[in-house]
Amino acid sequence: MSKRIPVALGVMLCLALVLSLLPLAGSPVSSREMWEYKAVEIRRNPERSQRALNQLGARGWELVTVDDQDGKKRAIYTFKRRLSEK
């Protein structure tokens, strides 16, 4: 029974190693998604903010983060969108 524990641990470690390497064996680098990013300063006016955000969304930009600029009347919005293949 004492030999079973080390063997089981060895099998589990090997399995963990193989599973950790699976993402590396994925698709080639050329097929990875590429993104572009945009940072926009938007004043905290609900109407204007909504209009600006809707325009960016219509152009394919997805909101990633908002930095409130230490309580000022503006915020930095960061967006991303998938780069089109050229």
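Reader: Let us start with Ser49. Where is Ser49 found?

Author: Ser49 is found in helix α2. Please keep in mind that this is a predicted model.

Reader: Is Ser49 buried or exposed?

Author: Ser49 counts as buried, because its relative accessibility is 9% and the limit for buried is under 20%.

Reader: Which residues does Ser49 touch, leaving out those up to four places away in sequence?

Author: With residues up to four places away in sequence set aside, Ser49 touches Ile42, Arg43 and Arg44. For Arg43 there is a further detail: a polar atom of the Ser49 side chain lies 2.9 Å from the backbone oxygen of Arg43.

Reader: And helix α2 itself, across which strands does it lie?

Author: Helix α2 covers residues 46–58 and lies across β1 and β3. Relative to β1, helix α2 runs at about 165°.

Reader: Let me step back. How many helices and strands does the protein chain have?

Author: The protein chain has two helices and three strands. Along the sequence they follow the pattern α-β-α-β-β.

Reader: What is the order of the strands in the sheet?

Author: The sheet is open, and its three strands are ordered β1-β3-β2 with antiparallel pairing. At the edges are β1 (35–43) and β2 (62–67), each of which pairs on one side only. On average, neighbouring strands of this sheet are turned by 25° against each other, ignoring direction.

Reader: Over how many bridges do β2 and β3 pair?

Author: The antiparallel pairing of β2 with β3, which spans residues 74–82, extends over five bridges. Within this pairing, Leu63 has Phe79 in β3 as its bridge partner.

Reader: How much of the protein chain counts as buried?

Author: Of its 86 residues, 9% count as buried.

Reader: Back to the core. How many aromatic pairs does a search of the whole structure find?

Author: The search finds one aromatic pair. The pair is formed by Tyr77 and Phe79, is stacked, and has 6.4 Å centre to centre with 15° between the planes.

Reader: What about Ala75, which residues does it touch beyond four places in sequence?

Author: Apart from residues up to four places away in sequence, Ala75 touches Val40, Glu41, Ile42, Arg44, Val66, Asp67, Asp68 and Gln69.

Reader: And Ile76, in which strand does it lie?

Author: Ile76 lies in strand β3. At 22% relative accessibility, Ile76 counts as partly exposed, because this class falls between the limits of 20% for buried and 50% for exposed. For Ile76 and Ala39, the C-alpha atoms are 6.5 Å apart in space, while the two residues are 37 residues apart in sequence.

Reader: Changing topic: what is the place of Leu83?

Author: Leu83 is in the segment after β3. Leu83 is partly exposed, at a relative accessible area of 37%. Not counting residues up to four places away in sequence, Leu83 touches Met34, Trp35 and Glu36. From Leu83 to Tyr37 the C-alpha distance is 9.6 Å, and they are 46 residues apart in sequence.

Reader: Then Ser84, is it buried or exposed?

Author: Ser84 is exposed, with a relative accessible area of 56%. Ser84 is also found in the segment after β3. Its C-alpha atom is separated by 9.7 Å from that of Glu36, 48 residues apart along the chain.

Reader: Finally, what share of the contacts with a separation of 6 or more comes from residues 24 or more positions apart?

Author: Such residues account for 54% of those contacts in the protein chain.

Methods
Residues are numbered from 1 along each chain as its sequence is written. This is a predicted model: local features need pLDDT of at least 70, side-chain atom pairs count only at pLDDT 80 or more; totals for chains, interfaces and linings use all residues. Side-chain values use heavy atoms; hydrogens and water are left out. Two strands pair if DSSP finds at least two bridges between them. Helices (H or I, at least four residues) and strands (E, at least two) are DSSP runs, numbered from the N terminus. Axes are lines fitted to C-alpha atoms, for helices over the stretch in contact, and angles run from 0 to 180 degrees between N-to-C directions. Contact means heavy atoms within 4.5 Å. Buried means under 20% relative accessible area, exposed over 50%, partly exposed in between (1.4 Å probe, protein chains only). A polar contact is a pair of N or O atoms within 3.5 Å; within protein, one must be able to donate a hydrogen and the other to accept it, and residues adjacent in sequence count only if both atoms are side-chain atoms. Rings of Phe, Tyr and Trp (its six-membered ring) pair if their centres lie within 6.5 Å; planes under 30 degrees apart count as stacked, over 60 as edge-to-face and the rest as tilted.
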